[in-house]
Amino acid sequence: MNAEPGADREPLHARVAALLELAFNPIMLKELRASLRGTRFFVSHLVILCLFAGGLMLAFLSMLPARAGGADDPGDPSAIGRAVYLITQLLQLGVAFLVVPGLAATSISTERESLTHELLLTTTMTARQIVWGKFTAAMTQAFTLFVSMVPLVSLCFLFGGVTVYQILANYAFLFGLSAVMIAYALSMSANARSTQRAVGSVYGLTLLGGIILLVVLGLTRNTEFFEALAVAYGFVSPAEMSRAASMDVMSRVLYVHLAPGFLWAALVSLFFINATNRLKPIFANRSTPLRIYFVFVIFAAGLITTLALRHSVSPTSAADERSYALMAYSIVALTVSLLRALFACEDPVLPPYLALEIGSWKGWRRAQRILWPGSGSGSLFTILTVSLFLAASFAGFRGFARDFDRGAWAGSWTWLPLASAFLMVFCWTVFTSLLARWLAALMPDRPLLLRTLLILSCLFLALAPLIHWAIAEAIDRDPLDLQRRNGPVTLALSPIMAVLSALDLSPG
């Protein structure tokens, strides 16, 4: 007898329970039960809401006498609503910077102090799942905290001047900022050896970053970029910012949405990867996530930079202006490629179990070796990714090389200066990658000293010849050498000078 269709299927409640087990991480449930069952989260949440409500009431009381019947704006309640709404957003920013990092600053360091860190690693959960569970638990608490403030913020609707878009956009910004702060706190907590160091590192660097951010915003507050950011993220209404309306659509997409979104994704991913690597065993594979991250970040940053330069610098502008922009781009690409040589500083000999795993790969899987740890694969990874990046950059900027056949490049192809600059970047990348691999074989037991020597060597090659050139020009400059042909011999050792000389369109 045939069984009825669906007779052996699991009941609905069992399937729903299985889906919930997939959706909710066990670490997340453990963290939420430990925090929400106690009185500390409830009391701290209530205190924050009381302080927020008190600040809101003080803002209303200070605004009402100044605005009601005033000579400048008599009887306009929308002005009060906009002003108080801005104050509420500043208070919530304070919560995001001061309270949210504390939700995750001790989540990993306390596991290490209470000797439960090893127990977590002996379970079937991976390090990524452990970090993700702690991240989602902290985000849930932050979400609860900000959502509970919505009724207080909505009091601004009674006076007008605030739109629903501002509320939604601003809360999306606050949740994105909270994700960055929590991922950063988890990274610091995974690196710290004690809870006190974790809390001190988190709040110390948060204070420093907040000061730098305030200085940057203060310097740009009278620009259309600042006003466009304030409008896009819901701090003010478009009617209050006249300069933001003058910003074209492409600039708004690039500088207000795409670039900050890329920076947010890059920071969150980096902090998450760092926290995950710190939880892994000593000889685990920590290189593959970083290499994949580096590839995506570099190519995405290059694409955004290419779009920004092609938008801000017209191909019909002066050749010198375009060459200066390409100089800056080439020097940044050179710096990034030199830092990428740090992948070649890894162990020249892999641990036995990693070597056996790689040796078992057949066919197309052998190509994955370039993403696995090791000094040899690190140097190959650096050279290959830099060459692909430079080829893509050359294809994107070849149209910028119009009228570059001037000075020393007279009579040659217009794209030859740009190709020469990118070729110098590639050559110095190969040199630093081989140097890093040689240092890794020379000092396999001193990784910190190895990386320090590599960075100092790159800085010396880049900056010391330029300093020599500046001193020689200031002390003994030949007035008859107008084209400066007789410079110091050490300039030939500078990769930055090679890029500058390739894209210098002045005669000589």
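Predicted model: local features only at pLDDT ≥ 70, side-chain atom pairs only at ≥ 80, totals over all residues.
**Exercise 1. A pair of charges**

Which residue forms a salt bridge with glutamate 31 in which the closest N and O atoms are 2.7 Å apart?

- Step 1: The partner is lysine 134, with 2.7 Å between the closest N and O atoms of the salt bridge.
- Step 2: Check the surroundings. For glutamate 31, the relative accessibility is 18%, and buried means under 20%.
- Step 3: Recall the general idea. Side chains of opposite charge can pair when their charged atoms come close.

**Exercise 2. The other salt bridges**

How many salt bridges does the structure hold? Go through the remaining ones and decide which residues are joined into one network.

*Solution.* 

- Step 1: The count is three.
- Step 2: Glutamate 31 also meets lysine 30 in a salt bridge, at 3.6 Å from N to O. Lysine 30 counts as partly exposed, because its relative accessibility is 40%, whereas glutamate 31 counts as buried.
- Step 3: Aspartate 403 and arginine 402 bring their side chains together in a salt bridge of 2.9 Å, N to O. Aspartate 403 is partly exposed at 36% relative accessibility, and arginine 402 is partly exposed at 36% as well.
- Step 4: Now look for shared partners. Through them, Lys30, Glu31 and Lys134 are joined into one network.

**Exercise 3. The largest pocket**

What is the volume of the largest pocket, and which helix gives the most to its lining?

*Solution.* 

- Step 1: The volume is about 1900 Å³.
- Step 2: Start from the centre. The pocket has 47 lining residues, and those closest to the centre are Phe97, Phe173, Leu177, Leu213 and Leu217.
- Step 3: Two or more lining residues come from each of α4 (77-98), α9 (164-191), α10 (195-219), α11 (224-232) and α13 (249-279). The most come from α10, which gives 13 residues.
- Step 4: Sort the lining by class: 37 residues are nonpolar, nine are polar and one is charged.

**Exercise 4. The second largest pocket**

How many nonpolar, polar and charged residues are in the lining of the second largest pocket?

*Solution.* 

- Step 1: This pocket has a volume of about 1200 Å³.
- Step 2: It is lined by 32 residues, and Arg286, Ser287, Leu290, Glu346 and Arg451 lie nearest its centre.
- Step 3: At least two lining residues come from each of α6 (117-121), α13, α14 (287-312), α15 (319-340) and α19 (447-475).
- Step 4: By class, the lining holds 20 nonpolar, five polar and seven charged residues.

**Exercise 5. Two single residues**

Is serine 251 buried or exposed, and which residues does leucine 49 touch?

*Solution.* 

- Step 1: Serine 251 lies in helix α13 and counts as buried, because its relative accessibility is 9%. Setting aside neighbours within four places in sequence, serine 251 is in contact with Val256 and His311.
- Step 2: Leucine 49 lies in helix α3 (residues 40-67) and counts as partly exposed at 21% relative accessibility.
- Step 3: Residues up to four places away in sequence not counted, leucine 49 touches Ser148, Met149 and Leu152. The C-alpha atoms of leucine 49 and leucine 145 are separated by 8.4 Å, although these residues are 96 residues apart along the chain.

Technical notes:
Residues numbered from 1 in each chain as written. Heavy atoms only, no water. Salt bridge = Lys/Arg side-chain N within 4 Å of Asp/Glu carboxyl O. Buried < 20%, exposed > 50% of the residue type's maximum accessible area, 1.4 Å probe, protein only. 1 Å grid on protein atoms, 1.4 Å probe; cavity = no way out; pocket = protein on both sides within 12 Å on 5 of 7 lines; lining within 4 Å. Points joined across faces, edges and corners; volume = space filled by probe spheres on them. Helix = DSSP H or I, 4+ residues; strand = E, 2+ residues; numbered from the N terminus. Nonpolar A, V, L, I, M, F, W, Y, C, P; charged D, E, K, R; others polar. Contact = heavy atoms within 4.5 Å.
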